[in-house]
Amino acid sequence: MFESSFRCWIIFGIVIATCYAEIRCPTEQNCNCYLSPEGVFEIQCPTDSYSAFVVKVKLNERIGIECVNFPKWIDFPTNVLPPENVTLLYFKMCELPINQTLREISNKLGAQNIEKLIFHSYGKLSVLNRKHLQGFPNLEYLSLTCNNLTNFSNDIFADIPRLKNLNLRQNNIYSLSEIFNYIPNLEILELGDNKLKEIDVNTFKPLKELKMLNMWGNKFTEFKSNIFDNLVSLNSLDVSSNHLNTLPNDIFAKLVNLKLLHLAWNNFSSLPEGLLQHNVKLNKVKLSNNRISMKTLPNGLFANLKNLKEIELNNNGLIELPDLFHDSISLEIIDLSFNNLEFLPEYLFTNLTNLTKLIINNNKLTSLPDKIFSPLKKLIILDLSHNNLISISRHLFSDLISLQNLNMEKNQLKIIEETSFNFLTKLRIAKFSNNQLTFNTSINSYIDEYGRRSPFQSCSSLEELYLDKNNISDIFGDWLVTHVKLKKLNLQFNQIQEISIRDLQFVSNSIEVNLTNNKIKHINLSEAKEIARFQQDSRNVMIYIENNPIECDCDIFDFLLYLEGKLDPNVYRYFHIVPGCLTCQNPQMFKGKEIVKLESKKFICQISNPCPNECTCYSQQSNREFTINCSQKNLTSVPQNIETLLNYKLVIDFTDNKLSEMPSLTEIGLDNIQISKLLLSNNDIHEISVDGLQSNIELELHNNNISKLEPNVLQLLNNSSSLTLHGNPWICDCDTRDLLSFIQTKISDIRNSSLITCKDMDISMIKMTAADFCPTYTALIISLSFSLAVSGMIIGLLAAIYYRYQREIKVWLYAHQFCLWLITEDELDKDKLYDAFISYSHKDEDFVVNELVPKLENGPKPFKLCLHFRDWLAGEWIPTQIARSVEESRRTIVVLSPNFLESVWGRMEFRVAHCQALSERRSKVILILYDEIGPINNLDPELKAYMSMNTYVKWGDPWFWDKLRYALPHAEFTKNAIRKKIFQKHQPCIQIKGEKKELIYPIDTSETSPATSTPPTDTLKIFICDKNDSDNKENSQNLSSSDCNTKLILSKEELVKHNLVNKVQCTTV
């Protein structure tokens, strides 16, 4: 197929190329040539930057010249085309040539035999004279529209005698004089939209062959009586849209061939009688939209015109009509719309047996004679809309046996007699919108199983029925079963209040029923399945029901099923209901909710009958459950003779009332009714009787005043499907152990069973045993065991807390002098002379003397301190004094400051104290951080290790004194204090490394000094441990309790550097 099409296009292109092969594109004048797909050859020749000629050639048909920005004709290309057999030449947007004729230009284009010439400048031509039109002897059509021409010379058309059609429309011509003398063969003359005010009686005298004369849109106010007398061949005359006031009665007398007369849009105040009596060939008359109200027309104005078929008399302000159309038997269309007619004479349409269309809309008719339409047996269209008609009698339309379209919209119709349309068997379209129809006024209307019949019951051909905006309240039976061809039924904006499946049984298989904007409250589709059970083929029955005040009551349940697609498939083949945005109007709980969003499974509806007056009743159709809700009504007794719905399970709700007794089902008439739920919670019921129970019932008894249940009640409750008992003051004794057994056996069926407790007890019954109901020694033992377990848990918790925060607890207790027995020292320190030895640099002496010592020695618990400047013996060897001070003190306080770090004696004192603490396996060193010491990583290894593993006290800490006092030894406040194990004591020693050892031990001298040695030497030896040289290689940084028994290791360089050997009596550290 594609190849065939492609081949055709190739052949077409070859043909076109062959046809246009002789056309030369004037390239020397910068012209461009194009061949369009439509077969039009286009030559574009610019004359300057803004102007150009565009020549369009359609071979053997037409040549057109279009000017862009009025180029000069002197620049027009020559010899563009070979001689062409074209008959039409047109000029568009061009000026007239000054020194050339149009024929000369035509010759340049090869056009030899021009029959049609069009010149539309769309501007103001400078001049048009005879010369411009010379050279067209065969010209038959000339169009000079849109040129702003004002007048012509009398010989303007002298050289075109064969002219038949002259178009001078849309100019400014105000005078014609005798310009038609040279064109006697003229047949069509267009003079519309000019400035003509009058016509000379001789102007049209030569035009005996003229057939059409259009003079619309001029300035005529009157015509001379004989101006048209010579137009004996005229059959169409248009003088509309002028300012004519009247016409001479014989102005058309000689126009015996006139067929079309257009007199609309004038200023006629009246017309003469007999105006058209000689125009027997008239076919159509337009006398409409007169600018002045004419009120009436001459009697017999259109009478006896045997060929007249159409009359337009609309919008003339007519109030009454005489006998206008008598014996104009060929009339087919009459338009009397948009007048002020208040009545019509009964004889108005006499003998108009061929009338097919009658338009009388937009008048003021209030009634019509019964026989006014009797002659119109061929009438097809009747429009009486927009009048004030109140009723339609049974005889008004009885003779309109051919009527197909009846428009009665926007009247005030209230009554249509039941047989008014009995003879309108061909009626297809009936429009009765915007009236006040109810169709309920007839007392003899026929009623069958499909309901009452409307006045349209005999209109068997009816296809469209428009009854919107009336007061109709029913869907009538004939619309359902009679009108098989009915395709559209518009009932919107009426008073229909409900629809059922009966209202949707349309026999038409393709119909749109518009029920929107009615008063529909109920939609009942309960019988839909039964009605549609035999429907196998799909139908196009569309029901529109949007914007109705739907009551979302029980009747809507089947409609919900329909919307959810849960009905039988045949129902959806039978009809289609389109809800749109249909919402619930009532009840309040559903108000404003879209119906498509309601769920049939959860839908409940309120029922007023049967229902006790004090209560509210609901039906849940999805599970066939009927609920009588009497909750929160302050009832002291239940309503009597309660009824239910057939085949529905009953739910009775008496919660939140003041009932003191359980209702007896026999007394309220429900002993033979199956009750699925009985809700009695939140009352004051104190006893449950068998008369108020059924088996397989869901029972709510919580929050009442029930104290016990009898065995026969418990036996019946064994068959209950669900039960609540919490919130009651149950008596728990040996007589009610059956209740405990029942509750624990039915635990899965008793809701909130964990909340059931005994009176004055907080223990859930499901956790109780029979022993709890009858107490024994076992109960006492269990209670005691439980108490012990709780106590153990508390003690364990306290121990865990103490273990985690013991230091903070002890500091706080010691600061507040509470429970000091927890923090006393053991007998290890009972023979110590001092509570603490203070090690510091002499540069920090002000802090020690002025701050530290006074607060500790003079505080609420004074401490005994060892200070080197006060307690050391003068002249004694310093290492001995350090060792003794540390040994005789329970604690060693180290004032750690930058000055301390620079003191070798300070470091010695720290090492001695630290080693002794390690040997005794207890904390004896108290670090006071005084001033900033820089990064810990830069400290001596022992000091760095100590500070990384132990806490210290910082000067400036709010708890400084409390923490310091706590770290110092505590006094013994109890005689039975727990004593700790005392480990073996170890003496501190100084290990001298290297060649400086001989300063203490001379060469070849025994290390054990004789008894007669001097005290310094003897004392120093206490600190010296002679080891092998291999031991000297040990790293002094690894001092610990496992490899140093309070050794102080000093290298020979340190001894020489600090001149320790010679400083035997230095007391300032």
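**Charges, contacts and backbone**

Trainee: What is the relative accessibility of Arg502?

Mentor: Arg502 has 30% relative accessibility and therefore counts as partly exposed. Buried means under 20% relative accessible area, exposed means over 50%, and partly exposed lies in between, with a 1.4 Å probe and protein chains only.

Trainee: Before we go on, what sort of model is this, and which features count?

Mentor: This is a predicted model, in which local features need pLDDT of at least 70 and side-chain atom pairs count only at pLDDT 80 or more, while totals for chains, interfaces and linings use all residues. Residues are numbered from 1 along each chain as its sequence is written, and side-chain values use heavy atoms, leaving out hydrogens and water.

Trainee: Which residue forms a salt bridge with Arg502?

Mentor: The partner is Asp503, with the closest N and O atoms 2.6 Å apart. A salt bridge here is a side-chain nitrogen of Lys or Arg within 4 Å of a carboxyl oxygen of Asp or Glu. Asp503 itself is buried, at 5% relative accessibility.

Trainee: How many salt bridges does the structure hold?

Mentor: There are 19. One of them pairs Lys377 with Asp399, at 3.5 Å between the closest N and O atoms. Lys377 lies in the loop between strands E16 (357-359) and E17 (381-383), and Asp399 in the loop between E18 (391-392) and E19 (405-407), so the pair ties together parts that are 22 residues apart in sequence. Helices (H or I, at least four residues) and strands (E, at least two) are DSSP runs, numbered from the N terminus.

Trainee: And what about Arg751, which residue does its side chain meet in a salt bridge?

Mentor: It meets Glu698, at 3.8 Å from N to O. Arg751 lies in the loop between helix H8 (737-745) and helix H9 (770-773), whereas Glu698 is in strand E38 (residues 698-700), so this bridge ties together parts 53 residues apart in sequence. Arg751 is partly exposed, at 33%.

Trainee: Moving to contacts, which residue's side chain is joined to that of Ser288?

Mentor: A polar contact of 3.2 Å joins it to Asn289. Such a contact is a pair of N or O atoms within 3.5 Å; within protein, one must be able to donate a hydrogen and the other to accept it, and residues adjacent in sequence count only if both atoms are side-chain atoms. Ser288 is in the loop between strand E13 (284-286) and strand E14 (310-312), and is buried, with a relative accessible area of 4%.

Trainee: Now the backbone: which residue does a cis peptide bond join to Pro587?

Mentor: It is Asn586, with omega about -5°. Pro587 is in the loop between E32 and E33. The peptide bond from Asn609 to Pro610 is also cis, with omega near 0°, and Pro610 sits in the loop between E33 and strand E34 (616-620). Most peptide bonds are trans, and most residues other than glycine have a negative phi.

Trainee: What is phi at Asn634?

Mentor: Asn634 has a positive phi of about 55° although it is not a glycine. Its place is in the loop between strand E35 (625-629) and E36, and Asn634 is exposed, at 55% relative accessible area. Asp193 has a positive phi near 60°; at 33% relative accessibility, Asp193 counts as partly exposed.
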